[in-house]
Amino acid sequence: MADDKDVLRDVWFGRIPTCFILNQDEVTEREAEPYYLLLPRVSYLTLVTDKVRKHFHKVMRTEDAEEMWFEYEGTPLKWHYPIGVLFDLHASNTVLPWSITVHFKNFPDRDLLHCPSNSVIEAHFMSSIKEADVLKHKSQVVNDMQKKDHKQLWMGLQNDKFDQFWAMNRKLMEYPTEEGGFRCIPFRIYQVTFLFSSCV
Amino acid sequence: MMHEMSMCGLDEKNFYCCCQLLLQQSEQLRDGWSWEAVQGSEEGYLKKTALRSVVIDSSSVWDHEGCGSDSEPHTSCHSQPDQPDEEEEQAAAVASGDTDSIKGDIDDEDEDDGVCAVSEGSSQMLQYEYHILLSCSYSTPVLYFRAFTLEGRSLSLEEVWSSVHPNFRLRLQNSPLNTITLQEHPLLGQPFFMLHPCRTEEFMRPVLQAAQDQHRPVNYVLSWLSVVGPVVGLDVPLQYSTQLHPAPPPSSGKPD
C-alpha cells in the first residue's frame with residue numbers, strides 16, 4: 001500500500017473545475033453571478049456545495065428557495081453518485097469548466113433522491129462501504145471496526161482529509177494473506193440508461 | 001420447496017424459484033403479486049400495488065437522525081382493520097430475536113387494548129407500490145416501495161416514517177442501517193424507499209435452521225416477506241403458509 005501512496009493521493013485530490021449557473025426561471029431580486037468551484041471527484045455534490053447555496057441565496061428571497069438540485073443539459077444530476085462518476089457519465093466531452101445549472105424549485109422527486117442533511121449523505125456512503133465489504137470480506141472488516149472508526153472514515157471524506165480517511169480505509173483495502181486475499185474485488189458499474197423505463 | 005442453499009443466503013436461481021412459487025399462491029389467493037422480467041432472462045422482480053388507508057400525523061414526524069426515543073408524542077395509528085395482531089407480534093419477535101423488548105412494547109399497548117393514542121392527523125388513501133428484488137451483494141431479498149397520494153404526490157421519508165407502526169419504529173430507529181431510507185431502485189433508476197438488507201441473514205438464519213431441522217420446506221422469500229412486510233404495511237395473509245404444506249396424513253411419525 002505504501003508504494004501506491006502517490007496514486008492514492010492523485011485519486012483523492014482529483015478535481016473538476018465547475019461553473020454553477022442559476023436556472024433562469026428562478027425568482028431573484030437581482031442578477032445572479034455564476035459561481036466557480038473545484039469539485040473533488042471522490043465526493044458528493046450535496047456535500048461540497050454549501051457555498052454555492054449561500055451564494056445564490058443572496059439574490060433570492062428565502063421563501064423562494066426550496067431544496068437545491070443540479071442539472072446538466074436537462075438531466076438532473078444524482079447527488080448520490082460520486083462527482084467524478086457524474087462528470088464521466090454525462091460531461092466527459094465537455095470543455096472545462098463543467099457548466100452545471102442550479103435549481104431551487106420543482107424538485108424532480110421521480111428522478112432524484114432528496115438530500116435534507118449531511119447525515120443522509122453519510123448513511124448513503126456508509127451503506128456503500130458496507131455493501132462493498134460484504135463482497136470483499138464477508139463484512140468482517142467493517143463489522144470489526146468500531147463506530148468511531150466508521151465516523152472517522154466519513155469525516156475524512158467530508159472534510160477532505162486524506163490521512164484521516166486512509167487511516168481507516170487502509171483496513172478495508174488491506175490484503176489478508178492468511179485467507180488468500182480478497183474474496184472479491186467489488187466494483188460498481190454506472191450507466192446512464194436503465195433496463196426499464198417505467199410508466200408511472 | 002426445500003432449499004439446498006446453505007445458511008449463506010439466496011442465489012439468483014433460488015430467488016427466482018421462490019418468487020415463482022409465491023406467485024402461484026398469490027394467484028390463488030388473489031393477493032396481487034406479479035413478476036416483472038428483464039427481457040430474455042430470469043432476472044426480474046416481484047411487484048404489487050395496494051391502496052392503504054393511513055393516518056399520517058405530521059406532528060409526530062420522527063427525526064430519524066436519532067432523537068425520537070426519549071419523547072413519544074402522538075403516535076399515529078396504522079389503520080389496517082384486517083391485520084391480525086398476532087402476525088405482527090410473531091413477525092416482530094422473529095425479526096428481532098430479542099423478544100423481551102418487543103413484548104415490552106406490546107404489553108404497553110395492551111393497556112389501551114392495542115389502540116394507539118389517536119393523533120391529530122387525518123386519514124388518507126395512499127397508493128403503495130412494493131417491489132421485491134434480489135440483492136446479489138447480500139444474497140437476500142430486498143423490499144423497495146414507494147407511496148403516493150391519490151393526486152400523485154410522492155410521500156416524503158418523514159411521512160413514511162410516521163406511518164410505520166410504533167412497535168417497529170423504535171427498533172428501526174436504533175440502527176440507522178436497518179432502517180428505511182430513500183434509495184435508487186437498481187433496475188428502474190428511480191427513488192424508492194428501501195428496508196436495508198444487511199440484517200436479513202441474521203433473522204432468517206434461525207428460520208432456515210428450524211426448517212432444516214424439522215425437514216420442513218421453506219420459501220425464503222415468503223418467510224422473509226412475512227417478517228419485513230408488516231413493517232411497511234404489506235400484509236402477508238396466513239393462507240400462504242397453510243397452503244404450502246397441507247397437513248400430512250397420520251403416519252408412524254417419522255419425518256419425511
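A polar contact is a pair of N or O atoms within 3.5 Å; within protein, one of the two must be able to donate a hydrogen and the other to accept it. The views below come from a predicted model.

View 1. The side chain of Ser26(B) reaches two backbone nitrogens: that of Gly32(B) at 3.4 Å and that of Trp33(B) at 3.1 Å. Ser26(B) itself belongs to helix 1 of chain B, which covers residues 12-29.

**View 2. The surroundings of Ser26(B).** Is Ser26(B) buried or exposed? Its relative accessible area is 1%, under the 20% limit, so Ser26(B) counts as buried. When neighbours within four places in sequence are left aside, the residues in contact with Ser26(B) are Asp31(B), Gly32(B), Trp33(B) and Tyr240(B). Two of these, Gly32(B) and Trp33(B), also supply the backbone nitrogens of View 1.

**View 3. A nonpolar surface patch on chain B.** Three residues, Leu51(B), Met125(B) and Leu150(B), make up this patch. Together they have about 300 Å² of accessible area. Met125(B) is located in strand 3 of chain B, residues 122-135. With a relative accessible area of 38%, Met125(B) is partly exposed, because this value falls between 20% and 50%.

**View 4. An annotated domain in chain A.** An unreviewed UniProt entry places the feature "domain: Autophagy protein ATG5 UblA" at residues 11-104 of chain A. Over residues 11-104, chain A is 23% helix and 28% strand.

Notes. Residues are numbered from 1 along each chain as its sequence is written. Chains are lettered from A and ligands numbered from 1 in the order in which they are written. This is a predicted model: local features need pLDDT of at least 70, side-chain atom pairs count only at pLDDT 80 or more; totals for chains, interfaces and linings use all residues. Side-chain values use heavy atoms; hydrogens and water are left out. UniProt positions are given in the numbering used here, feature names are shortened, and annotations may be inferred rather than shown by experiment. Helices (H or I, at least four residues) and strands (E, at least two) are DSSP runs, numbered from the N terminus. Patches are made of residues with over 30% relative accessible area and no salt bridge: like charges are joined within 9 Å, nonpolar side chains (Val, Leu, Ile, Met, Phe, Trp, Tyr) within 5 Å. Accessible areas come from the Shrake-Rupley method with a 1.4 Å probe; for residues, only the protein chains shown count as cover. A salt bridge is a side-chain nitrogen of Lys or Arg within 4 Å of a carboxyl oxygen of Asp or Glu. Buried means under 20% relative accessible area, exposed over 50%, partly exposed in between (1.4 Å probe, protein chains only). Contact means heavy atoms within 4.5 Å.
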